[in-house]
Amino acid sequence: MSLISTSTLFHFTRSANNLVGILKNEFRVSLSIESFEHITQYLPPDSGLMPECGIPMVCFCDIPLSQVENHMRPYGDYGLGLTKTWGMKKGVSPVLYTHTNSPAPFSSADHINLIGSLGLDRAPDDLKALALRAGLSVYLQKPYEGFLERSPGRKEKVRFYDEREWRYIPPEIESIPAISPEDLADPIKSKPVRDQVSRLPPLSFEPSDINYIVVATDAEMLAMVRAVRSIKGKYDADTVDLLTSKIISAERIREDF
């Protein structure tokens, strides 16, 4: 019987260097442009929530290897698969897929309007904290479908629901201002927010949390073994041997799964 979901959360990237960087430095939080038009259409222009903005996060997918080919196409043929148990312990959560007629965006819009009406600058600290924590649910929503930039200047309509995304939102997000796509593309305007995000602690994992290390081709597997061995002070010989057994290629996944 084919699986709909697995016990592994995958994070895919576009290069072997990126993958080795994750193995060496763990997951670094980065800014991802996300759409919130399903919510902002019910809000006044001065609500503070932008239709699109950069949110600090780390993204994963819950897709079996037998179905992951289409996901690798836009996101890359290099990846790390970690146990779902690890993800849950770290607060990684499945996103809520929604659409304009779903109750979720209505509820979120009502919540944001309520925060505005309370005047949180004058509210007690416990009320501020409650409002900010509840607001995190907004960042765990994703449109059922929308547009994905496949290459610079070329967007394609996709069904995000098929990605079965899980998302890590750092607790420090409350202190990081949202940034528009235009400002994020500007090195000067985005520098303060990028610097703030770069100082966030990594999303850590242990070698025992790793189920798969994915490289693009069979020919790259030996190079990945050598790269893991070269990470001094992190993986001992026994751990390298164990991780070596978990290396698989995207080429093999496409042919055998």
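Q: Which charged end sits over the ring of Phe160?
A: That of Lys142, 4.5 Å from the ring centre. A charge sits over a ring if NZ of Lys or CZ of Arg is within 6 Å of the ring centre and within 35 degrees of the ring normal.

Q: What sort of model is this?
A: The model is predicted; local features need pLDDT of at least 70, side-chain atom pairs count only at pLDDT 80 or more, and totals for chains, interfaces and linings use all residues. Residues are numbered from 1 along each chain as its sequence is written, and side-chain values use heavy atoms, with hydrogens and water left out.

Q: What does Thr98 touch?
A: Not counting residues up to four places away in sequence, Thr98 touches His38, Ala104, Pro105, Gln141, Lys142, Pro143 and Tyr144; contact means heavy atoms within 4.5 Å.

Q: Is Thr98 buried or exposed?
A: Thr98 is buried, at a relative accessible area of 1%. Buried means under 20% relative accessible area, exposed over 50%, and partly exposed in between (1.4 Å probe, protein chains only).

Q: How many aromatic pairs are there?
A: The count is 10. Rings of Phe, Tyr and Trp (its six-membered ring) pair if their centres lie within 6.5 Å; planes under 30 degrees apart count as stacked, over 60 as edge-to-face and the rest as tilted.

Q: How are the rings of Phe27 and Trp86 placed?
A: Their centres are 6.1 Å apart and their planes are at 35 degrees, so the pair is tilted. Phe27 lies in the loop between α1 (16–25) and β2 (30–35), and Trp86 in helix α4 (residues 84–89), so the pair ties together parts 59 residues apart in sequence. Helices (H or I, at least four residues) and strands (E, at least two) are DSSP runs, numbered from the N terminus.

Q: Are Phe27 and Trp86 buried or exposed?
A: Phe27 is buried at 2% relative accessible area, and Trp86 is buried at 4%.

Q: Which residues form a cluster with them?
A: Phe60 and Phe205 form one aromatic cluster with Phe27 and Trp86.

Q: Now α1: which residues are buried there?
A: Leu19, Ile22 and Leu23 are buried in α1. They cover an arc of only 95 degrees around the axis, which puts them on the same side of α1; the arc is that of the directions from the helix axis to the C-beta atoms.

Q: What covers them?
A: The cover includes β1 (8–13), β4 (78–83), β11 (210–215) and α9 (221–229).
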